[in-house]
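Work through the exercises below with the sequence and the model open. Each task is followed by a solution in steps.

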Amino acid sequence: MARGHYFMNEQYSSLASAYDLLNADFDYSAYARFIDKEIKANLNDASLVLDLACGTGKITFELNSLGYDMTGVDLSPDMLSVARDYAYQNGIENVLWLCQNMTELELYGTV
């Protein structure tokens, strides 16, 4: 991993446990509904959605609850760990989580 990528990963690793608290005022549900409208207006048959740099997965979960098949990708294993823990605790099993650098993204299909 390049030095810059390592530094960014370390920053987000330190932030992972407090990330959701720091963003508690953000209305993820409203934002997901906005994204849903845009998808339906511009991509009629889209069902598989990629949340790139998904962090703790808040938007991923909201879009999943609206019926999208979600893939969440983040560079930080700690952010993904928070997302996976939330998914496990809430019985959410149909999200694919990938720990990858978005500049070197490798997916298993088209999103």
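## Exercise 1: the nonpolar core

The largest nonpolar core of this predicted model has 16 residues, and those with the most contacts inside it are Val-49, Leu-63, Tyr-68, Met-70 and Trp-97.

Task: Find which elements each supply at least two residues of this core, and which one gives the largest share.

Solution. 
1. At least two core residues come from each of α3 (28-42), α4 (58-65), α5 (77-89) and β3 (95-99).
2. The largest share is that of α3, with 4 residues.
3. Take Leu-63 as an example: neighbours within four places in sequence aside, Leu-63 is in contact with Ala-32, Ile-35, Asp-36, Val-49, Tyr-68 and Met-70.
4. As a general remark, nonpolar side chains in soluble globular proteins tend to be buried together.

## Exercise 2: the chain as a whole

Task: Give the order of helices and strands along the sequence, and state what percentage of the residues count as buried.

Solution. 
1. The protein chain contains 5 helices and 3 strands.
2. Their order along the sequence is α-α-α-β-α-β-α-β.
3. The chain has 111 residues, of which 32% count as buried.
4. Its accessible surface is about 7,200 Å², and carbon and sulfur atoms account for 52% of that area.
5. Of the contacts between residues at least 6 apart in sequence, 61% join residues at least 24 apart.

## Exercise 3: helix α4 and its crossing with α3

Task: List the buried residues of α4, state what they pack against, and classify the crossing of α3 and α4 by angle and by hand.

Solution. 
1. Buried in α4 are Ile-59, Thr-60, Phe-61, Leu-63 and Asn-64.
2. These buried residues pack against α3, β1 (48-52), β2 (69-74), α5 and β3.
3. For the crossing, the axes of α3 and α4 come within 9 Å and cross at roughly 60 degrees.
4. With that angle, α3 is therefore oblique to α4.
5. The crossing in which α3 passes α4 is right-handed.
6. On the α3 side the contact is made by Tyr-28, Ser-29, Tyr-31, Ala-32, Ile-35 and Asp-36, and on the α4 side by Lys-58, Ile-59, Glu-62 and Leu-63.
7. After α4 comes Gly-67, with a positive phi near 105 degrees.

## Exercise 4: Asn-64

Task: Decide whether Asn-64 is buried or exposed, and name the residues it touches beyond four places in sequence.

Solution. 
1. Asn-64 has its place in helix α4.
2. The relative accessible area of Asn-64 is 12%, and the cut-off for buried is under 20%.
3. Asn-64 is therefore buried.
4. Leaving out residues up to four places away in sequence, Asn-64 touches Met-70, Ile-92, Asn-94 and Val-95.

## Exercise 5: Ala-53

Solution. 
1. Residues up to four places away in sequence aside, Ala-53 touches Val-73, Asp-74 and Met-102.
2. A separation of 9.1 Å lies between the C-alpha atoms of Ala-53 and Gln-100, residues that are 47 apart along the chain.

Note on methods:
Residues are numbered from 1 along each chain as its sequence is written. This is a predicted model: local features need pLDDT of at least 70, side-chain atom pairs count only at pLDDT 80 or more; totals for chains, interfaces and linings use all residues. Side-chain values use heavy atoms; hydrogens and water are left out. A nonpolar core is a set of buried Ala, Val, Leu, Ile, Met, Phe, Trp, Tyr and Cys residues joined through side-chain atoms within 4.5 Å. Buried means under 20% relative accessible area, exposed over 50%, partly exposed in between (1.4 Å probe, protein chains only). Contact means heavy atoms within 4.5 Å. Accessible areas come from the Shrake-Rupley method with a 1.4 Å probe; for residues, only the protein chains shown count as cover. Axes are lines fitted to C-alpha atoms, for helices over the stretch in contact, and angles run from 0 to 180 degrees between N-to-C directions. Angles under 35 degrees count as roughly parallel, over 145 as roughly antiparallel, 65 to 115 as roughly perpendicular and the rest as oblique. A crossing is left-handed if the near helix is turned anticlockwise from the far one by less than a right angle, and right-handed if clockwise.
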